[in-house]
Every structure is written in structure tokens, then in C-alpha cells.
Amino acid sequence: MILPRTPSFRLDGRRALVTGASRGIGLGCAVALAEAGAHVISAARGKDDLDAAVAAMRTAGLAAEAHVLDMDDLDAVAAFMASTGPIDIVVNSAGIARHGAALDKSVADYDAVMSTNVRSAYFLSVGAAKAMLANGIKGSIIHISSQMGHVGGIDRTVYAASKHAVEGMVKAMAIEWGKQGIRVNTICPTFVRTAFTQSTFDNPERLAWILSKIKLTRVGEVEDVMGAVVFLASDASAMITGSALMIDGGWTAG
């Protein structure tokens, strides 16, 4: 009997772009891909934090380089994607939030969140797909979405709207690019402990609400996302596209 073999989770010889990679979930994704053997291009707006993150990765023996990139600058993103050479994996972790009651949100708040979370994500995906097609790469595009792309939340109307849009966008892109072997998926974390979420955790009432929703009775950590991004980037997920991988501790289970 010939036994089946588990597909490899290794990413040796592949190049990965991770946006929002200077801290938090984005940094975790960059480290995870590099630990799995990928050469990682870490991109973010802030040069100091980005350089520090990449320096730490290199000190740890990981293959990484830094590229300062504002995801809202679509011309810069397009130029980068056209010039950087073959990329096998794109992880989009860039994102913003302007939380608050829907009645209090301004047009500027709405436009800022939609620009980064949806508009930039859309055109990064298009640029990545064009580059993959031009180089004959059957690649993986992964967006860090949110459980708020599947449910609603307190003071998160604009943010939830943006993440619901990303979920729909990814499904349509998966249909369009499937024949070319390009996979597009999302990772949907619950509240993860980062500088981005600390103000929410500092509110005892809000923290109690969060923990009441998470069936595993704890908030997420960056490490909880790291294995998932390697899985979706690797051959181990070769039949997965147009899907959302929930890392929500059971929040959306009901």
C-alpha cells in the first residue's frame, strides 16, 4: 500500500510580501513566513518601526528586507508590484479603524477606513495577481480581515462594513483567478492583543463583553494567527480559495 503524504508547510524558495509588517499581526505574519523558509519583503508606512522589525528578524537568522510603502498611495503600490520581481505570497495586514457610534462618524472617518481597508486591499490584490500571472506563478493572496467581516460589533459600524466588503471582494477574486491557480483567502481574527487593540482592552466593560463572546474565554494573541498564515501560504492549503479562516475562539459559532 502506498500511503498518502502530507503536503509541505514549508515555503523555501518563495518570496512573500507582507504589508503592515512593522508590528502586531503583520509582524507576526512576516516572522511566521520567514520561519517557514520564505524570503519576506516587509512593508509599512513607518520607517523606524519597520527597520527595527526587519533588523530583529535578520538577527534571528530570517531572510527579510524592508520597504517603506503607504498602501493608500496606489501609484506607489502599483510601481512596487511591477518592479519588485516575482512574488509567490502576498499577505495584506495593513488596516485602520475609527471606532465609535455610527451616528458620530464623519465622512472623513468613513473615507479613511474604506480607503485603507477596502480600496487599498483591492488594488494590492489586482497588482499581485497581475504580477503572478506575468511570471506564471500560482500564488496565494491572503488578507487579514476580521470576525467583524461576519458579524457586527459595538462602535464598529464603519470597520465592520469595510471587512464585510473585503470578504465579498475575496470571494469574487477567487472565482475570477481560480483557473490561473491563484488562491485568495482571508484570515479573520477576533480581538488580538496588540497596540492597536489596547485601548479596547483597557475598558473593563468592553473587555467583559468581548470575553462573553469568545467561547475559549480569552482574547487572541499574535501567535494564534501565525500558523494560519503559513497554512494558507503553503501547499497544505492547495485546494482552499475564496474562504475565510476564522480565528475567533468560537465567537461566530453562535
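Student: In what order do the 7 strands of the open sheet lie?

Tutor: This is a predicted model. Strands of a sheet pair through backbone hydrogen bonds, either parallel or antiparallel. Here the pairing is parallel, and the sheet is open. Read across, the order is S3-S2-S1-S4-S5-S6-S7.

Student: Which are the edge strands?

Tutor: Look for strands that pair on one side only. Those are strand S3 (64-68) and strand S7 (244-247).

Student: What does the twist average from one strand to the next?

Tutor: Step across the sheet, strand by strand. The average twist per step is 20°.

Student: What is the bridge partner of Ala44 in S3?

Tutor: Strand S2 covers residues 39-44. S2 and S3 run parallel, joined by 5 bridges. Ala44 has its bridge partner in S3, and that residue is Val68.

Student: What angle does the direction of helix H2 make with that of S3?

Tutor: Helix H2 spans residues 47-59 and packs on the sheet. The strands touched by H2 are S2 and S3. Between the directions of H2 and S3, the angle is about 175°.

Student: Where is Gln147 found?

Tutor: Strand S5 covers 140-144, and helix H5 covers 157-177. Gln147 is in the loop between S5 and H5.

Student: Is Gln147 buried or exposed?

Tutor: Set aside neighbours within four places in sequence. Gln147 is still in contact with several residues, including Cys188, Phe191, Met246 and Trp251. The relative accessible area of Gln147 is 1%. The cut-off for this class is under 20%, so Gln147 is buried.

Key. Residues numbered from 1 in each chain as written. Predicted model: local features only at pLDDT ≥ 70, side-chain atom pairs only at ≥ 80, totals over all residues. Heavy atoms only, no water. Helix = DSSP H or I, 4+ residues; strand = E, 2+ residues; numbered from the N terminus. Buried < 20%, exposed > 50% of the residue type's maximum accessible area, 1.4 Å probe, protein only. Contact = heavy atoms within 4.5 Å. Pairing = 2+ DSSP bridges. Axes fitted to C-alpha atoms, helices over the stretch in contact; angles between N-to-C directions.
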